[in-house]
There are 2 protein chains.
Amino acid sequence: MLTVALPKGALLSDSIRLLQSVGLDFSAFKDSANRQLQIQDPTGTAQALLVRAQDVPVYVEYGQAHLGIVGYDVLREKNPQVAHLADLRFGSCRLSVAVKSSSLYRSVLQLPPHGRVASKFVHCAYEYFESLDLPVEIVPLSGSVELGPITGMSEAIVDLVSTGRTLSENGLIEIDTLFESTARLIAHPRSYRLNTGDIHQWVEDIRSAVLINC
Amino acid sequence: MLTVALPKGALLSDSIRLLQSVGLDFSAFKDSANRQLQIQDPTGTAQALLVRAQDVPVYVEYGQAHLGIVGYDVLREKNPQVAHLADLRFGSCRLSVAVKSSSLYRSVLQLPPHGRVASKFVHCAYEYFESLDLPVEIVPLSGSVELGPITGMSEAIVDLVSTGRTLSENGLIEIDTLFESTARLIAHPRSYRLNTGDIHQWVEDIRSAVLINC
C-alpha cells in the first residue's frame, strides 16, 4: 500500500486538497479532534503519516513513506537522500536576511565581519555567507528568531518570510533573499525505481493536478 | 537590569510561580492574548524573554539573558557553556528507552546490533548506546517520536517520559532510563562572576524559595 508523509502546519491544508484531487482522502487529519498520526484513505488505497515538516524527508529517506510533501526550504537545509519529483506550486515563501529597520545595514556586505546571524536554517545560512566570503557567526535558534536583533544578540537573522508581517511587527526589514521556496513532492528513491504501490501513476496524476490548478 | 530567559511550554507556569515568590512578576506571559516575547517586571527590576526551551541556554550562553530556567534534558543534549546554579525541583521527567510492548525486547542489550533508535535527543542517545558498546543507528526526528516503532522505522525510541500516557497510548513500554530530569537555574558565567544585575542575591532568594517549597 502506498504511504505518504504529510507535514503538520502551514502546508497541510493544501497538501490534503491536492491529494483529494487525485482521489486520496486524508481530510481526517484536519479534524481538530483527530489524534491519530497514521490514517488510511477511505478507499483503502493508501495511508498517510502526519509528521513535523522537518521529519517528512526522514520518513521518506528511510522508506517508511514512499512519497512525501515538504517545503523546498527543509530540503535545502537537510539535504536528504530523496528523489525530488515535482514543484507543487503552493506554500510560497522565501528564506531572507533581515535586520532591524533602525540599523544602518542595507545590504549583507555592510554587516560587520564576525557579526552574528541568528537562524533556524543554520546550514543554509552558513553556505550563503561562506559563498559571499563573509565570516559571520551563526547563532542556532529553534524559534522566534526575530528576538535575536531585538535583544541585541545578533545583527541579522536568516528566516522564512511569507507575508512579511512578523518582520514588520518586530521592526525588521529584509535586505536579501537566499532562495524562494514552495512545497515539493519527494519520493523514496528505491521505491520510485521499483514503482512500489504504483507510485509512477500517482506521481503522474499529482503532476497533472498541479498543472490544472495553475 | 537583570534579564531572565523563560521556556515556553511545560515548565513556564512553575517558572513564573517561582519567580513571583522572590518578587518578580512575569505572569503576563501566561495571558493567552499576550504576543510579546520580552516583558518587564511591573517594578522595573528585571525583564524576561519568552523563548523555546532549547533556546534558553543559547540566550544565556551569549549573555543576552543573565539567568535562565530550562530542563536538565536540554542541558544534557546541548551541553552549553553556562553555569548550573540550582535544581528547581519541578518539571520532573526522565529520558527513557522504549520499545513496542508487542516486541520481544525487554532490555536494551536485546536490541539488534545496528538496529534503529528514533530520538529528538540524538546526542544523549548516541552517548548512551556508545557507553554500552551497542552500535545502533540513531534516526533524528523532531517530533512524534513514537511513530518510529509504530511505522517500523525503528526498533526503539529514546524520549522524555513524564506520566507515561503517550507511551501506553501508542503501545510502547519503557525498558531503560538514561537519566532523570528537572528544571534547572542557569547563569551566564561572566555575568555571574561579575554579579551583574545583583545576580548573587537573586540566586540566593531563588534557592531559598525552592527549599521552602520542598
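Predicted model: local features only at pLDDT ≥ 70, side-chain atom pairs only at ≥ 80, totals over all residues.
## Two copies and their axis

Residues are numbered from 1 along each chain as its sequence is written, and chains are lettered from A and ligands numbered from 1 in the order in which they are written.

## Where the chains meet

The contact takes 22 residues from chain B and 22 residues from chain A; two residues are in contact if their C-beta atoms, placed from the backbone, lie within 7 Å. On the side of chain B that touches chain A, at least two residues each come from E3, helix H2 (56-61), strand E8 (137-140) and helix H5 (147-151). Helices (H or I, at least four residues) and strands (E, at least two) are DSSP runs, numbered from the N terminus. H5(B) gives the most to this side, with three residues.

100% of the interface residues of chain B are also interface residues in chain A, so the copies meet through the same surface.

## Strand E1 of chain B

Five of the six residues of strand E1 (residues 2-7) of chain B are buried. A residue is buried if 20 or more other C-beta atoms lie within 10 Å of its own, exposed if 12 or fewer, and partly exposed in between, with C-beta atoms placed from the backbone.

E1(B) pairs in the parallel sense with strand E3 (residues 46-51) of chain B over six bridges, and B:Leu6 stands opposite B:Leu50 in E3(B). Strands count as paired if DSSP finds at least two bridges between them. E1(B) also pairs in the parallel sense with strand E4 (residues 67-71) of chain B, over two bridges; here B:Val4 stands opposite B:Leu67.

## Helix H8 of chain A

The buried residues of H8(A) are A:Ile199, A:Trp202, A:Val203 and A:Ile206. Seen down the helix axis, they fall within an arc of 100 degrees (taken from the directions from the axis to the C-beta atoms), so they line one face of H8(A). Turned away from that buried side are the exposed residues A:Gln201, A:Glu204, A:Ser208, A:Leu211 and A:Ile212.
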